[in-house]
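I am opening a notebook on this structure. The entries below record what I looked up, in the order I looked.

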Amino acid sequence: MVEVKESVLLTKCYFSNLRAITISELKMARKKVCIAVAWINFEVYYPTFSELLSRRVSVQIIVNNDSNNVRYKDQIDSLICLGARIIMINASGTMHHKFCIIDESRCLFGSYNWTTNAEFRNIEDLNICDEPQLVNSYLQEFIALRDLSEKDLKLLRNPAKCNTCRNPKMNILIFEQDGYYHTKIQKMELCGCGYHWYNPEYYDISVYINFNGIIEKYEKDIEDFYQYNDEKFLEKRKAEMDFEIAMYWSMVRKNRFGFEIIHAVGKPGSRMYGRHDEEHFYQMIWKERGMENFIPDEI
């Protein structure tokens with residue numbers, strides 16, 4: 001029996017007093033804050049960050065690597081000594097995000113940089129939301145920025161192009177169970193000319209079983225939520241499943257399987273059309289950040 005509780009989702013928009021609101025939200029953190037903000041005045045936010053670290057709250061920060069942030073080197077080094085993880089990104093372009101995820105359940109986002117100019121001179125906005133799909137989407141983006149190298153980010157922003165059609169070349173892994181003991185992984189290179197297969201590789205069947213296990217873990221709850229007609233809890237549970245699947249495949253794709261970078265992961269599928277005809281396709285179950293415009297959901 002699934003326990004059904006009332007769920008209230010929050011979305012609020014602010015246009016003034018943004019620094020005080022941001023600091024107040026940060027101080028409510030209990031476990032973790034993940035911050036990706038282009039520019040931060042570390043002198044102003046140092047007391048808040050150090051207070052969180054003293055309460056053993058995980059503080060992870062990604063900022064743009066430029067002179068505006070480098071001038072706070074003393075505060076950054078001190079926070080790192082206190083246990084913060086701070087990453088300065090320089091990937092041939094500005095890391096221009098302004099978002100913060102608190103305890104993986106609430107997200108701050110908008111135009112607002114955490115700087116004096118943004119606070120006192122600019123016209124800015126700040127939004128706070130605990131809608132699970134939105135929070136998890138921002139969390140996936142944070143993890144990608146944290147875990148991908150600067151070389152990876154450059155490759156994703158400027159994919160290699162096919163010498164013939166001049167379209168971007170996409171590297172896709174196709175996973176398929178093969179017998180009782182193996183997972184078959186086929187490597188597909190996709191461009192405007194079509195696709196090219198590389199020789200398959202075989203791995204322990206657990207690669208595919210673990211993926212199915214994630215889905216099975218959530219299926220019963222999702223079925224029960226349908227029966228109770230609880231749309232908010234259903235949305236939350238689906239968001240949790242989608243996030244866990246995305247994190248699983250992003251972990252698997254760290255093995256590049258001979259490619260310089262992996263753009264997507266897929267699996268074989270089929271369906272009937274008409275009375276006797278069967279259509280085979282490859283369904284994408286995970287895409288790297290920014291690949292939606294290059295790779296269709298089905299091939």
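**Overall.** I began with a count: the protein chain has nine helices and 12 strands. Helices (H or I, at least four residues) and strands (E, at least two) are DSSP runs numbered from the N terminus. The model is predicted, so I note the limits: local features need pLDDT of at least 70, side-chain atom pairs count only at pLDDT 80 or more, and totals for chains, interfaces and linings use all residues. Residues are numbered from 1 along each chain as its sequence is written, and side-chain values use heavy atoms, leaving out hydrogens and water.

I looked up the extent next. The C-alpha trace of the protein chain spans about 65 × 55 × 35 Å along its principal axes. Of the 299 residues, 46% are buried (under 20% relative accessible area with a 1.4 Å probe, protein chains only; exposed is over 50%, partly exposed in between). I also checked contacts (heavy atoms within 4.5 Å). Among those between residues at least 6 apart in sequence, 64% join residues at least 24 apart.

**The sheet.** I traced seven strands in an open sheet, and the order reads β1-β7-β6-β5-β2-β3-β4. The pairing is mixed. Two strands pair if DSSP finds at least two bridges between them. Which strands stand at the edges? They are β1 (11-14) and β4 (85-89); each has a single partner strand, so one side of each is left without a neighbour in the sheet. From one strand to the next, the twist averages 10°. Angles run from 0 to 180 degrees between N-to-C directions, and axes are lines fitted to C-alpha atoms, for helices over the stretch in contact.

I then followed neighbouring strands. β1 and β7 (residues 126-129) run antiparallel, joined by four bridges. Cys13 has Asn127 in β7 as its bridge partner. Helix α6 (residues 132-147) packs on the sheet and touches β2 (32-37), β3 (58-64), β4, β5 (98-102), β6 (106-110) and β7. The direction of α6 makes about 105° with that of β5.

Four bridges also link β6 to β7, again antiparallel, and Gly110 is partnered by Leu126 in β7. Between β5 and β6 I found four bridges in an antiparallel run. Ile101 stands opposite Cys107 in β6. β5 and β6 form a hairpin with three residues between them, and Asp103 in the turn has a positive phi of about 55°. Is β6 mostly covered or mostly uncovered? β6 is mostly covered, with four of its five residues buried.

**Gln60.** I picked this residue in strand β3. Gln60 has a relative accessible area of 10%, so it is buried. Beyond four places in sequence, Gln60 is in contact with residues including Lys32, Cys34, Arg85, Phe142 and Arg146. The side chain of Gln60 makes a polar contact with that of Ser58 (3.5 Å). For a polar contact, a pair of N or O atoms lies within 3.5 Å; within protein, one must be able to donate a hydrogen and the other to accept it, and residues adjacent in sequence count only if both atoms are side-chain atoms.

**Helix α1.** I checked residues 18-27: seven of the 10 residues of α1 are buried. Among them are Leu18, Ile21 and Leu26, along with Arg19 and Glu25.
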